[in-house]
Amino acid sequence: MLRVAVVGSGPSGVYTAQALLNQSLVPDVRVHVLDRLPTPYGLVRYGVAPDHEKIKSLQNSLRAVLEDERVTFVGHVQIGGTGGVSPARLAELYHAVVYCVGAAADRPLAVPGEDLPGSYSATRFVSWYSAHPDIAPDGFALQARSAVVIGVGNVAVDVARILARGADELRATDVPRAALGALAGSRVREVHIAGRRGPSQARFTTKELRELGALPGARIVVDPAELAMDPAYAAQEGLPLPAVVRRNLEVLRGWSAEGEPAVPVHGHPAVSDAVRRIRLRFFLRPVELLERGGRVAGVRFARTAPDGAGGVQDTGGYEDVEAQLVLRAVGYRGVELPGLPFDPVRGTVPHAAGRVLRDGVPSPGEYVAGWIKRGPTGVIGSNRSCAKETVASLIEDAPLLARRPAADDPLAVLRAWGLRPVEWDGWLSIERAEAALGRSLGRGPVKIPDWPGLLAAARGEEG
Ligand SMILES: Cc1cc2nc3c(=O)[nH]c(=O)nc-3n(C[C@H](O)[C@H](O)[C@H](O)COP(=O)(O)OP(=O)(O)OC[C@H]3O[C@@H](n4cnc5c(N)ncnc54)[C@H](O)[C@@H]3O)c2cc1C
C-alpha cells in the first residue's frame, strides 16, 4: 500500500487525490488530505464570490473525491509554522507528501500610506465576506462613501461587485451574518476600479465585466477618452485582436457611450442617489495613499500613457481620487512554509515536474501542486492538469517511495502528538450547523465565521 499525504484541500489538493485514485499503475493507494482549516475546498469556499453559485457548486465534484473510501479528510492540522507539524515529521508518517497549500497572501503595492486604516488587501475583504475564520467577522464597517479598488483582474471586479450589489441579493447566498449586516448598512456610493495600463491589457474576463453592468442598483461609468488612449482600441477596426480583448472593448465602448448618470438635484428624492456608480478607470498608477485624520482619504495616481512598446509610462500628470476605503487587488503570492524550500522572487516552491527541489535536486517523497507550484494564475480547472503532472512524477517514483518507512495509522500518531483533527464527519457536522443557522435566520445555509464556532460545530456542540 502506498500512503500519500496531500497538504491542502483546495482544488489542487483534491485534484491530486483524484489523480492518485484514477491511475492504475499503483492500485493500492490511500490518501490523507490534510488542511489547517476544519473545512475543505480552499478558495472555492473562501475565495470564489458568494454570488457565483455555479462555480461554488464545483464543491460537489470535489466532495465526491473526498468521500471516496480510499481518501480521508484530516482538517484542523497545520503543517509548518508555530504549533504546526513540521514537513520533516510529516514525512515520517507517509511514503510521499504533496504540498498543495495555495498562494493566499497579497502582493503589496509598495507605496506610502499603504498601511493606513481604511486601506486593505482585497484578500482580506474577500476572506471577510467569505467567512474565513482568520478574519474578524466584524472586520469591515463600510462607512465609506467612496471606495477605490486598485487592480483590473477578476478579483478586483469581484470585490467591486460585492460592494455595489445590494445586501438583499446576497441574502440568498451563504454570506455570514455580520458581513451581510455591514453590506446592508453600507454607505458606499462610488466604486472606482483603477488600473495602471489600458483596457486591452486588463485581465478581467468578459463574463465578469458584463456582470457589473447587470447589477440592478449600479451604473457603470467609463471615460471615452481613456478608451481612446488604448492603442488596441484605436486599431481594432484594422487589427485582429484576441477575442477576449475585443469583447471587453466592445462592452466598455457600450458603457462609455451611455455617459455619466444624472446627478441628484438637491431637494428632489432623485433615483440616482440610490444608484451606486462603478467607475472603470485606466492609465492610473497609484503613487500614494492620502491621509486625513489618521485614516485613508484618497489615492494619488500618476497618469500614464502607452509607451509605444506595449507598456505604459508616466505623463507627469497626477489625479487624486477621494476614497475612505481602498482595496488593493494587485495579485496573490505564495507564503513560505517553514521546512520547505521557497523561491521568494516567484513566491513558489522550486520543483521539477512537481518534484520538490532541495538545492536543485529532487527531494525524495516531496511534491507540490497548484498555486504554490506554478504561482497564482489560471482558473480552478488549471489545477487539474497541474495535479496530474505531479501525480505522474509521484507514480513514476513509486517503487522507491514504497521502500520508505510510513506509519500504519498516521491519524493515531497525529493524535498522539496532541493534535485534534476534524475528519469528514466533523465537516458534515459543520455543514449541518450552517444549514441550521441559515434556517433560524430564514435563509439557506449561512457560514460560521469564527474558529470557536467551527470547532464547536465540528464536534457537534451547540455554537
Ligand atoms: C478571490 C478569488 C476568487 C476566485 N474566483 C475564481 C472563480 O470564480 N473561478 C475560477 O475558476 N477560479 C477562481 N479563483 C482561482 C481559484 O480559487 C484557484 O485557482 C484555486 O483555488 C487554487 O487552488 P489551490 O488548491 O492551489 O489553493 P487554495 O484553493 O488556496 O487551497 C489551499 C489550501 O491549503 C490549505 N493550507 C494552506 N497552508 C496550509 C498549511 N500550512 N497546512 C495545512 N493546510 C494549509 C488552505 O487552508 C487551503 O484550504 C479565485 C481566486 C481568488 C483568490
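Predicted model: local features only at pLDDT ≥ 70, side-chain atom pairs only at ≥ 80, totals over all residues.
**Exercise 1. Find what the side chain of Gln-23 reaches, and describe the setting of this residue.**

Step 1. Gln-23 belongs to the loop that joins helix 1 to strand 2 (29-34).

Step 2. Decide whether Gln-23 is buried or exposed. The cut-off for buried is under 20% relative accessible area. Gln-23 has 16% relative accessibility, so it counts as buried.

Step 3. List the contacts beyond the sequence neighbours. Once residues within four places in sequence are set aside, Gln-23 is in contact with Val-29 and Ile-395.

**Exercise 2. Describe how the protein surrounds the ligand.**

Step 1. Count the shell. The ligand is surrounded by 30 residues, and the closest are Ser-12, Asp-35, Leu-43, Ile-79 and Ile-380.

Step 2. Helix 1 (11-22) and helix 7 each give at least two residues to the shell.

Step 3. Check the polar atoms. A polar side-chain atom of Ser-12 sits 2.6 Å from a ligand oxygen. For Pro-11, a backbone N or O atom is 3.4 Å from an oxygen atom of the ligand. For Arg-36, a backbone N or O atom is 3.1 Å from a nitrogen atom of the ligand.

Step 4. Find how much of the ligand is covered. On its own the ligand exposes 1,000 Å², and the protein buries 90% of that.

**Exercise 3. Work out where the buried residues of helix 9 lie and what they pack against.**

Step 1. Name them. Within helix 9 (residues 177-184), the buried residues are Ala-179, Leu-180, Ala-182 and Leu-183.

Step 2. Ask why they share a side of the helix. Their arc around the axis is only 165°, and therefore they fall on the same side of helix 9.

Step 3. Find the partners. These buried residues pack against helix 6 (122-129), helix 7 (154-164) and helix 8 (167-170).

**Exercise 4. Trace the surroundings of Arg-285.**

Step 1. Locate Arg-285: it is part of strand 11 (residues 284-292).

Step 2. Classify its accessibility. With a relative accessible area of 30%, Arg-285 is partly exposed.

Step 3. Compare sequence with space. Arg-285 and Arg-196 are 89 residues apart along the sequence, but their C-alpha atoms are 4.4 Å apart.

Step 4. Gather the contacts. Not counting residues up to four places away in sequence, Arg-285 touches Arg-196, Arg-300, Phe-301, Ala-302, Thr-304 and Asp-314. With Asp-314 there is a side chain to side chain polar contact at 2.6 Å.

**Exercise 5. Describe helix 18 from its start to the residue Gly-460.**

Step 1. Begin at the start of the helix. A side-chain oxygen of Asp-450 reaches to within 2.7 Å of the backbone nitrogen of Gly-453.

Step 2. Judge the cover. Helix 18 (residues 451-458) is mostly covered, with six of its eight residues buried. They are Gly-453, Leu-454, Leu-455, Ala-456, Ala-457 and Ala-458.

Step 3. Name some of the cover. Helix 2 (43-46) and helix 17 (424-440) are included in what covers these buried residues.

Step 4. Step past the end. Just after helix 18, Gly-460 has a positive phi of about 75°.

Technical notes: Residues numbered from 1 in each chain as written. Heavy atoms only, no water. Buried < 20%, exposed > 50% of the residue type's maximum accessible area, 1.4 Å probe, protein only. Helix = DSSP H or I, 4+ residues; strand = E, 2+ residues; numbered from the N terminus. Arc of directions from axis to C-beta. Contact = heavy atoms within 4.5 Å. Near = heavy atom within 4 Å. Polar contact = N/O pair within 3.5 Å; in protein donor to acceptor, adjacent residues only side chain to side chain. Areas by Shrake-Rupley, 256 points an atom, 1.4 Å probe, with all protein chains shown as cover.
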